Amino acid sequence: LCQAPPGTGLRMSSGLTPLKGSALSRRQALASSMASLAALSCPPVAWGADVQSYTDKATGSEFQVPSSWTRSDSSLATDPGMGLDRKLVLFVDPDDQDTNAFIAFTPVRGDYTAISSFGTLETVGRFIVPQGPGIESALLSSKVGAGKYYFDYQIKPDPNEPMRRLKTVFALVPGDTLVTLTSQTTQARYDQESRLEGVLQSVIESFSLKPPV
């Protein structure tokens, strides 16, 4: 099983999951997704053939990461009594585990028919960027595009951890699955390596969602 992406605050035992048929709130649905996550202005880099693709046939989601990044898969229990799992797939830069991308799949209720079911762009943005004692964070930019929510933000969850730079896209298979893809690294590396900005952005821009008919 893969480990939680560094600095995401992921808790494997989180029970806040919008299970199909449940009556959980939109806030709980987002909380479940952010537990799985951990996270738009630069042009994408030209990867050429030096990439690997990931495709999830169940949701029709697909994205690309550098070919050197290593993959691990995990299933996070949502409700053991109902036998439903939340799937997480992680790709890590072998030279720096703080640089990675991860996609999470969270079951949702049938009445979640559009990404706006979770609230406006501003509402979701306020939720995914945590506030509180000892936490430094900032939402740098956000946008709506093709039925998806995009966010670029910073989080330093603890004084002993580095500031992190994250880019996240939220997408929905109506009435079935919330799909969230995040690419991240430390802010220090993001600032030092100009190409890395394009890599993280290209991961997000490569994402597509074509639910099976």
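Let's start with helix 4, residues 194–205: at 1.5 Å a residue, its 12 residues should span 16 Å, and its end C-alpha atoms are 17 Å apart, which agrees. The expected span here is 1.5 Å times one less than the number of residues in the helix. This is a predicted model, in which local features need pLDDT of at least 70 and side-chain atom pairs count only at pLDDT 80 or more, while totals for chains, interfaces and linings use all residues. Residues are numbered from 1 along each chain as its sequence is written, and side-chain values use heavy atoms, with hydrogens and water left out.

Now step back to see the whole chain. It holds 4 helices and 10 strands; helices (H or I, at least four residues) and strands (E, at least two) are DSSP runs, numbered from the N terminus. Read from that end, the elements run α-β-β-β-β-β-α-β-β-β-β-α-α-β. Of the 213 residues in the chain, 51% are buried. Buried means under 20% relative accessible area, exposed means over 50%, and partly exposed lies in between, using a 1.4 Å probe and protein chains only.

Back at helix 4, which of its residues are buried? They are Leu196, Gly198, Val199, Leu200, Gln201, Ser202, Val203 and Ile204. These buried residues pack against strand 2 (61–66), strand 5 (96–107), strand 7 (148–156), strand 8 (164–173), strand 9 (177–186) and helix 3 (187–192). Take Leu196 in helix 4 as an example. Leu196 counts as buried because its relative accessible area is 6%. Setting aside neighbours within four places in sequence, Leu196 is in contact (heavy atoms within 4.5 Å) with Thr99, Thr185, Arg189 and Tyr190. Thr99 is 97 residues from Leu196 in sequence, yet their C-alpha atoms are 9.3 Å apart in space.

Helix 4 gives the most to the lining, with 3 residues.

In strand 5 sits Asn100, which is buried with a relative accessible area of 0%. Its side chain reaches the backbone oxygen of Gln97 at 2.9 Å. In strand 3 (residues 70–79) you will find Leu76, buried at 2% relative accessible area. Leu76 and Leu88 are 12 residues apart in sequence and 7.3 Å apart in space, C-alpha to C-alpha.

Finally, visit the loop between strand 6 (136–145) and strand 7, where Ala146 is found. Is Ala146 buried or exposed? Ala146 is exposed, with a relative accessible area of 70%. Ala146 also has a positive phi of about 55 degrees although it is not a glycine. Most residues other than glycine have a negative phi.

How values were computed
Polar contact = N/O pair within 3.5 Å; in protein donor to acceptor, adjacent residues only side chain to side chain.
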